[in-house]
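Open your viewer and keep the selection tool at hand. Each stop below says what to select next and what is there.

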Amino acid sequence: MSSQAVGAPLTVPVETRLRVDGMDCGACASRVETALGRLPEVRAVTVSLATAEVRVEHLPGIDRAQLAETLSRLGFTPRETASTGATACGCGAAACAAPEAPPTGADRPTPWWRSRQGLLTLGTGALMLTAYGAASLFPAFERPIFLAAVLLGLVPVARRAWAAARLGSPLSIETLMSLAALAAVAVGAEAEAAAVLFLFQVGESLEGLAARRSRAGIGALIELLPRNARRLRADGTLETVAAERLRVDDRIEVHPGERIPADGEVLEGVGGVDESPLSGESLPQLRRPGDAVFAGSVNLESRLRLRVTADAADNTIARITRLVREAQARKAPSARFIERFARVYTPLVVLFATLVAVVPPLFLGALWSEWVYRGAAILLIGCPCALVISTPAAIAAGLAAGARQGLLMKGGAVLEGLARITRVAFDKTGTLTLGQPRVTEVVVLEGERARLLECAAALSQGSSHPLSRAILAHTEAAGLAAVAPEHVRALPGRGVGGEIEGRECFLGSLTAARELIGGDASGLVVAAESQQALGRSLSVVVEDGRALGLIAMHDAPREDAAAGIAALDRLGIGALVLSGDQRPAVAALAGPLGIEAHAGLLPEDKQRLVSELQKSGERVAKVGDGINDAPALAAAEIGIAMGGGTEVALETADAASLHARVGDVAAMVRLSRRTLRVIRQNVALAIGLKLGLMVTTLLGVTGLWPAVLADTGATVLVTANSLRLLRARVVEPTAAGASGRQEASGAKPDECCRDGDQSPAASLQ
């Protein structure tokens, strides 16, 4: 009893977290989980490819260095990050859930060519080139030269294969490559063995590069938070503290132009806040005492004092970061195709070749030399070189063909997954639209149109507000010169006023304009309501207490939006739009396109709708361009970013349209389906040749040299068939021709504002 009581605390598990460099694929994650799970006193292993992190729940008695040693033996580089005291966390404590600081110094990932895998790939390539050059200069020594190249290239692969086998994964992809190379060497195909090893290293490097770029998206999210904050002491003075130290009910002060360090409630101050990094709203939102503000948004106009309403572990940025990480972890592939195939194919081939070599001499009295020869030929015929190359060759050609046409896809899994998409969920602004407001109508209520535009242009000068830029662009196109106003006054959240040629003028929101008009404003209200019903943003011009009229603006759809949606429809794929914009604006866009519309959505709402579609059996691709789209991009089967979007959207997404064409989504699907057809053709060619030669070898018709030709010939055929994809043109001319006119003139594409009467003076000081 006493010994059990003393030992009881040792049965309480602890958790150790390790950052694992080089863990870049589903097969890597599987090997890590298997190897660590076999260690004594390990209770559970959780592997996250999205963060390159392993969480091990184990008893306190285990030597933690053993965890790192096991990972090192697998060929990875472990770095311990943290340990928690009791069970697998889930506690929500700041220490466990707070967002990580942006990587600095040694924590920054090294360039791929300086990484272990990059150096191995470059070394293998240099070795191959040297061998080919030496063999051409000294033909008599061709075989030993290539044999040396194969042995040197095989050493690191074979070491990893041996380590994986000892740690519970005997049929890893490294084992497959080692067997393929050794089988080729056994029949004198050293050059082919060297090529297979080199292509394998290239594929590993590309996969690692894609994984690291995907992880960089989470770092970009975290960097939205400022490092420091101004916190008010009890005596009213300010102190500078680290943002992660802010707690609920702390008072902080944020100056104009600074990012807000925490979720909070406005206590003092009135002004516009740019929430576009989070909500997708391109127009500043007016915030008064009592209103909520979000971490990561930008204070534009005036000093604000806030009460913190959420700890660092639970603020908006932290929640979005967790959503992205969880979604990426859910969709991580379980294993590559060749890894699954090797579990069955390789042992069967080895077993069959052994039986062919041994059974006839032992039981039928046949000649050993004849049947060992046939067994060796069958082992060579069964060598998976052509099969190993068939899929990567097609994938590489498909990715290259897409890149030439502005279609960036992050790896073969993405290219294959696009073929199975059944629904596409589009963001609105910057995706289906141009991402910048334009003047659509000028409604004159009193006086002349020219006077209305002159006043609006004069008061818009010097402002960086999107509506002000749209007004200036419209007046310049109309040939009107903006006069210089006098006594300009910025009214935060309302508009801007000043004197123009001796008359008091105002440009701003409908609400503020109605307060300035002394008489009946019913005409203005009717005109404004008709424009707001169409989802347009408004700026009202008032002169000496009289409403001259209003200017209506909206974000125009891309020129190829209708053609892009129609192209998806022809492929049997449905479309819908998910937007944080106001419902009239979204409906005005979705109606003519004939697609389903969802408006007023927050980032978590977009992710929820994507998940609901998936539960109903749909395979969803999400297309977006803003940080607010990141969780939904990560949750969908395929996330597609538009070329003009934010860094977070581009890094979180699986694919990107570099020319920001709506029709590129259908083009990606067409390329994906064409690539899958080529892969099926390649597999059929490789297996067909092998089966045919295997039968003739068993009958004694063919021997080792035809077997070499079978394997080499199959490799040549599947490679040539794959190269046909390089000539594939999947971007329709109508979409491609419109791309140049669709690209924004420099404005960052985001969602339109929710309130149609937002002021264009929100950025004026």
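**Stop one: a mixed sheet**

Select Ala621 and then Ile638, its bridge partner in E25. This is a predicted model, where local features need pLDDT of at least 70, side-chain atom pairs count only at pLDDT 80 or more, and totals for chains, interfaces and linings use all residues. Residues are numbered from 1 along each chain as its sequence is written, and side-chain values use heavy atoms, leaving out hydrogens and water.

Now show strand E24 (residues 620–624) and strand E25 (residues 638–642). They pair in the parallel sense over 4 bridges. Strands here are DSSP runs of E with at least two residues, helices are runs of H or I with at least four, and both are numbered from the N terminus. Two strands pair if DSSP finds at least two bridges between them.

Widen the view to the open sheet of 7 strands, in the order E14-E26-E25-E24-E15-E22-E23, with mixed pairing. Strand E14 (407–409) and strand E23 (596–598) stand at the edges; each has a single partner strand, so one side of each lacks a neighbour in the sheet.

Select Ile640. Among the residues it touches are Leu418, Ala621, Val665 and Met668, not counting residues up to four places away in sequence. Contact means heavy atoms within 4.5 Å.

With Ile640, they touch the most other members of the largest nonpolar core, which has 48 residues. Helix H25 (residues 664–698) gives the most to this core, with 9 residues. Such a core is a set of buried Ala, Val, Leu, Ile, Met, Phe, Trp, Tyr and Cys residues joined through side-chain atoms within 4.5 Å. Buried means under 20% relative accessible area, exposed over 50%, partly exposed in between (1.4 Å probe, protein chains only).

**Stop three: an antiparallel sheet**

Move to the open sheet of 6 strands, ordered E16-E21-E20-E19-E18-E17, with antiparallel pairing. Strand E18 (residues 495–500) and strand E19 (residues 503–508) are joined by 6 bridges. Click Gly495 to find its bridge partner in E19, Gly508.

**Stop four: two cysteines**

A disulfide is a pair of cysteine sulfur atoms within 2.5 Å, and the whole structure has 0 disulfides. Cys455 is buried, at 0% relative accessible area. Cys505 is buried too, at 2%.
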